[in-house]
Structure formats: structure tokens, C-alpha cells
Amino acid sequence: MACPLCDDTGWKPVDVKGVRRVERCDCWREGLTARLLEQARVPPRYRKCDLDTFVTYPNEKLLGAVKQARKFADEFPSIGRGLCLIGPPGIGKTHLAVAVLRRVILTRGARGLFYDTRDLLRVIRSTYNPLVRTAEMDILRPVMEADLLVLDDLGSEKTSEWVEETMNLIVNTRYNERRHTIFTSNYDDTPDDTDPECLKARIGFRIHSRLHEMCEFLEYDGADYRHQPPNGGPEDLLMAWNRMKAGGPRRGLPAKSKGPIRAQVRHPETRPPRELGWTGGKAGT
């Protein structure tokens with residue numbers, strides 16, 4: 001059925017002080033927003049995430065993170081820095097990140113993009129397969145040029161020289177172009193450089209340094225939303241949170257092997273994107 005205001009042309013007639021003119025129709029704006037949301041690659045599980053539906057409870061750092069997320073969405077794109085949400089699994093980091101991404105797309109018409117870090121690296125690797133008809137820069141260019149990028153689960157990929165170089169290229173390009181990025185990670189941002197499971201060890205010192213200049217770090221703990229009953233609410237979360245606080249220190253990720261991390265062999269087909277001619281940003285140190 002054709003739009004009654006513009007007859008599907010995307011332009012509707014309006015009178016401004018007796019002068020007849022045309023302007024973009026609401027249906028065009030709604031269609032544009034729908035396309036932007038579809039192109040953002042938000043997984044189906046998170047497509048209804050919204051800041052207004054994020055369930056909170058008396059948890060000071062969690063409430064502070066939600067407040068900062070709202071501020072970011074409300075002030076985008078004039079907000080100074082991105083966000084880096086850090087904490088154990090299940091505390092709502094991805095929900096918050098996607099909720100901000102969706103609101104920025106809906107209210108600002110921004111070009112947004114969501115990627116799980118491991119999936120992004122997997123897709124980039126797939127371009128080295130001669131049977132895949134996708135060029136590497138077809139993947140990297142939208143990641144580097146999005147108005148707002150969400151990189152979920154940073155540090156989850158097994159460390160290697162290729163991983164660090166590829167992630168450094170992405171982060172450094174967005175840093176140089178002053179494009180906003182929201183990161184989430186399960187790894188603590190501890191000052192102990194000898195801890196192989198801290199954020200700096202997982203992502204490398206160059207990216208870690210860039211992140212601290214690009215983002216406001218929001219580190220918090222809380223009840224695991226995934227462990228709540230289907231009809232659970234703030235009271236259930238508060239009870240779980242109080243039990244956790246009474247039970248001891250902050251939850252962490254399971255301990256992994258303390259042995260040395262073996263670097264990935266860099267075959268010609270897995271060389272870093274920078275070696276393939278990308279000049280979108282100079283790698284930093």
C-alpha cells in the first residue's frame with residue numbers, strides 16, 4: 001500500500017508560511033532507519049535491547065555504567081570518548097553496548113556496526129580462502145568507517161601476532177579518524193603485566209594504550225542475568241548480588257593454562273591487512 005503522504009516517492013508536500021515545498025517523508029526516514037538497523041549486524045538475541053528495558057538493581061557501579069551509557073547515546077556524536085565495558089560474563093555488557101548502538105541509529109541516523117571480536121577475525125581469515133569471493137577490504141572498510149562500532153568480547157581470541165596486528169590496524173585507524181567505538185571484555189584491566197589473563201596481555205600493549213585514550217573504562221561486577229528465572233526482576237538480581245558479595249571476591253574467568261602462548265605461523269595468505277596495501281591509518285606504538 002502506497003504512503004498516503006508521498007505516494008512512495010519519499011518526498012511529501014508541505015506549506016511553510018504559504019510557500020509550497022517538499023521535504024523528506026516520515027516513511028522514508030523510517031525505511032532508512034530500518035535499513036541501518038539491518039546493516040548493523042546485531043544478532044537476533046540482542047535486536048530488542050534497549051536502555052529503557054535494561055533491568056537494574058542497587059549496584060553502584062552497574063548504575064554508573066548505565067548512566068554513562070545513556071549519556072553517550074544522548075550526546076552522540078559530540079561525546080568525547082567511546083566506552084569500554086569490563087566485567088565477568090552475564091552482567092549485561094553486551095545488552096548495554098547494543099542498546100546504545102540501536103539508540104544512536106534510531107535517533108541520529110548513524111551508521112552503526114556490531115561484531116563479536118572472534119567472529120570478525122574469522123570473517124577476515126575467510127577472505128584468504130580462494131573459494132570465498134569476498135575481498136578483505138570489503139570486510140575491513142565498514143568496520144573502520146562506521147560512525148559507531150561495537151566490538152564485543154575483546155581479548156577472547158587466542159593471542160597471536162596476526163591477531164594483534166589485525167586488531168591494532170582496526171583500533172588505530174578508528175583512533176586516528178576519531179570514530180567512536182564501544183568495547184566489551186571479560187578480562188580485568190589490572191596493572192599486573194605479568195598476569196597472562198589480564199586485558200593488556202590479551203590484546204597487546206599498543207591496543208591497550210589506545211583504548212585508554214579512546215574510551216572511558218567502566219569496570220563493574222554484578223549478578224548473572226542469565227541465571228535469573230524467566231520472570232525474574234530487580235529483587236531476584238539484588239538477592240543474587242548480595243549472595244555474591246557475601247561469598248567472597250569478584251567473579252573471574254576460569255583459570256587457563258599458564259604455559260607459553262604459541263604464536264600463529266604467518267603463512268602468506270594470513271599476513272596482516274596492512275601488508276596488503278591498506279593505508280587507512282598508521283600503526284601506532
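The model is predicted. The protein chain contains nine helices and seven strands. Of its 285 residues, 46% are buried.

**Overall chain**

- Among contacts in the protein chain with a separation of 6 or more, 75% are between residues 24 or more positions apart.
- The protein chain has an accessible surface of about 15700 Å², and carbon and sulfur atoms account for 52% of that surface.

**Helix 5 and helix 6**

- Two packed helices are described by the angle between their axes and the distance between the axes.
- Helix 5 (residues 136-145) packs with helix 6 (residues 161-176) at an angle of about 40°, and their axes are 9 Å apart.
- Helix 5 is therefore oblique to helix 6.
- Helix 5 and helix 6 have a right-handed crossing.
- Helix 5 contributes Leu140, Val143, Met144 and Glu145 to the contact, while helix 6 contributes Leu169, Ile170, Thr173 and Arg174.
- Sorted by class, the residues in the contact of helix 5 with helix 6 are five nonpolar, one polar and two charged.

**Helix 8**

- The buried residues in helix 8 (residues 205-214) are Arg206, Ile207, His208, Arg210, Leu211 and Met214.
- The cover over the buried residues of helix 8 includes helix 6, helix 7 (199-203), strand 3 (82-86), strand 6 (180-185) and strand 7 (215-219).

**Threonine 94**

- Threonine 94 is part of helix 3 (residues 93-108).
- Threonine 94 has a relative accessibility of 11%, so it counts as buried, the cut-off being under 20%.
- Leaving aside residues up to four places away in sequence, threonine 94 touches Tyr46, Phe114, Asp152 and Thr184.

**Backbone features in loops**

- Most residues other than glycine have a negative phi, and most peptide bonds are trans.
- Phenylalanine 76 and proline 77 are joined by a cis peptide bond, with omega about 5°.
- Proline 77 sits in the loop between helix 2 (60-75) and strand 3.
- Arginine 41 has a positive phi, near 65°, and lies in the loop between helix 1 (26-39) and helix 2.
- With a relative accessible area of 34%, arginine 41 is partly exposed.
- Arginine 178 also has a positive phi, near 55°, and is located in the loop between helix 6 and strand 6.
- The relative accessible area of arginine 178 is 75%, so this residue is exposed.

Key:
Residues are numbered from 1 along each chain as its sequence is written. This is a predicted model: local features need pLDDT of at least 70, side-chain atom pairs count only at pLDDT 80 or more; totals for chains, interfaces and linings use all residues. Side-chain values use heavy atoms; hydrogens and water are left out. Axes are lines fitted to C-alpha atoms, for helices over the stretch in contact, and angles run from 0 to 180 degrees between N-to-C directions. Helices (H or I, at least four residues) and strands (E, at least two) are DSSP runs, numbered from the N terminus. Angles under 35 degrees count as roughly parallel, over 145 as roughly antiparallel, 65 to 115 as roughly perpendicular and the rest as oblique. A crossing is left-handed if the near helix is turned anticlockwise from the far one by less than a right angle, and right-handed if clockwise. Contact means heavy atoms within 4.5 Å. Ala, Val, Leu, Ile, Met, Phe, Trp, Tyr, Cys and Pro count as nonpolar, Asp, Glu, Lys and Arg as charged, and the others, Gly among them, as polar. Buried means under 20% relative accessible area, exposed over 50%, partly exposed in between (1.4 Å probe, protein chains only). Accessible areas come from the Shrake-Rupley method with a 1.4 Å probe; for residues, only the protein chains shown count as cover.
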